[in-house]
Amino acid sequence: MKERELVVSKIREGTVIDHIPAGKAILVLKILGIDERTKETVSMALNVPSKKMGTKDIVKVEGLFIKEEELNKIALIAPNATINLIRDYEIEKKFKVKLPEVVKGILKCPNRMCISNSKEPVVSIFYIKVEDNKVFAKCHYCGKRIKELADYLI
Amino acid sequence: MMKHLISIDDLKKEDILKILDKAEEFEDVALGIRKCKILEGKILANLFFEPSTRTRISFETAMKRLGGEVVNVSAQEASSMAKGETLADTIRVVSNYCDAIVIRHYLEGAARFAAENSAVPVINAGDGAGQHPTQTLLDLYTIRKECRKLEGLSIALVGDLKYSRTIHSLIKALTLFKTKIYLVSPEILSLPEEFFEELNGDFQKAKLEEVIGEVDVLYVTRIQKERFLDEEEYKKVAGSYRITVETVERMRSDAIILHPLPRVDEIDVKVDKMRQARYFKQAFYGVPVRMAILSEVMQ
């Protein structure tokens, strides 16, 4: 039996997000908009031993196939996450998340004088870029750069 | 696609040069020597949520010189208009009354947001500490006219490099013209780190006395009291740089001094008569450059 199956049981159908950096699983759920109002069963394993990562987190969402476009948003904080779409206990599709070029309504601009932080009917827009292997986001409105993306999740 | 002018980032080098060339053609119209009515029947709305004199008047003059009409909405009227109404709605309403909008706003990114909600072209006349692209275009025009070239010059940017939107716009444009840029400011008013990360330019922090004899252009800015939340912080740096006759005497005779105005006491009035002083000429150049911009977005 594989190591992670000892921690979180297999699911019959749904989405498994693996290789999340340890401690970031809750942020992954936040990005995906999964909370107490979500009907599906969500299980989470934190600090699971991993050969590649030392420790990692795993999230399983039973009965929900999350769209690839949505899942790619988690690359902002978990760039090496792998996704397994499960059907009838078997892996139907497996892929790595890809960084989106633009994210809307996920990050909050740290510049308090930015229009995106005003009372206007405006959704934050950030362009995602990679420089020297580091991910950063640039505000569409004021141009402010964010390096620690996890600190600015809405 | 509708043309807006929001940030200098939106322009390529050839777009900038096209506007400067066009401004050159309008200079005699700006002086009242030649008549030109290419914008006859068009209406420009000046929507200023922050006080402005030079920029607003120069847009108004530019529009009128080209035969167009202007509707001015002052800071007081704009804020009362915005009472209970979002900027998005104000723009949707005003853009139905006119052919282009010039906006100045205290929030960064407001002009881009306005453009997204407008049915007519929007020109950014300053958004908080963000961008001021029309000032940059007139600065470049002045440099090209007065130094007879734009490429390969050296410039010292002096004063508030942190909050000055004029500097933030200008510095981006200067990197397109292989300019050697000296940054002269008090430490707390240094250029924000992201400019170094983002721009591939030839920057160097310097002291004024080290570079004064070398530069082609001395660009002086006002330390803006209104950008400081803490008055004590302002007092620490107010008056840090003062350009006097003695300072200018150490400059090259063919070098020029620019200032986006208004000045407080950064440049001694005695300097005004010296050959290097070009800031009032720079203010005039705002008219032909804004004529070029208006004709570009409205025609």
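Where in chain A is His19(A) placed? His19(A) sits in strand β1 (residues 13-21) of chain A; strands (E, at least two residues) and helices (H or I, at least four residues) are DSSP runs, numbered from the N terminus.

## About the model

This is a predicted model, in which local features need pLDDT of at least 70, side-chain atom pairs count only at pLDDT 80 or more, and totals for chains, interfaces and linings use all residues. Residues are numbered from 1 along each chain as its sequence is written, chains are lettered from A and ligands numbered from 1 in the order in which they are written, and side-chain values use heavy atoms, with hydrogens and water left out.

Most residues other than glycine have a negative phi, and most peptide bonds are trans. His19(A) has a positive phi of about 60 degrees although it is not a glycine. Its relative accessible area is 14%, so His19(A) is buried (under 20% relative accessible area; exposed is over 50% and partly exposed lies in between, with a 1.4 Å probe and protein chains only).

In chain B, Leu261(B) also deserves a look: its phi is positive, near 60 degrees, and it is not a glycine. Leu261(B) lies in the loop between β9 and α12 of chain B and counts as buried at 15% relative accessibility. The peptide bond joining Leu261(B) and Pro262(B) is cis, with omega about 5 degrees. Pro262(B) is found in that loop between β9 and α12 too.

## Helix α2 of chain B

Helix α2 (residues 54-65) of chain B has 12 residues and reaches 16 Å from its first C-alpha to its last, close to the 16 Å expected at 1.5 Å a residue (the expected span is 1.5 Å times one less than the number of residues). Its buried residues include Phe59(B) and Met63(B). The buried residues of α2(B) pack against several elements of chain B, among them β1 (43-48), β3 (100-105) and α12 (279-298). Just after the helix, Gly67(B) takes a positive phi of about 90 degrees.

Arg54(B) belongs to this helix and is partly exposed, at 36% relative accessibility. Not counting residues up to four places away in sequence, Arg54(B) touches Pro260(B), Leu261(B) and Pro262(B), where contact means heavy atoms within 4.5 Å.

## Gln276(B) in its loop

Gln276(B) is in the loop between β9 (256-258) and α12 of chain B. With a relative accessible area of 7%, Gln276(B) is buried. Leaving aside neighbours within four places in sequence, its contacts include Val248(B), Met251(B) and Ile257(B).

## Where the two chains meet

The contact takes 17 residues from chain B and 19 residues from chain A. About 1600 Å² is buried between the chains, with carbon and sulfur atoms giving 47%; buried area is the accessible area (1.4 Å probe) that two parts lose on being put together, summed over both. In chain B, Glu108(B), Phe113(B) and Glu197(B) lose the most area to chain A, together 34% of what that side buries.

Across this interface the rule finds 5 salt bridges, each a side-chain nitrogen of Lys or Arg within 4 Å of a carboxyl oxygen of Asp or Glu. Arg145(A) forms a salt bridge with Glu197(B), their closest N and O atoms being 3.2 Å apart. On the side of chain B that touches chain A, α4 (87-94), α5 (110-116) and α8 (193-198) each supply at least two residues, and α5(B) gives the most, with 4 residues.
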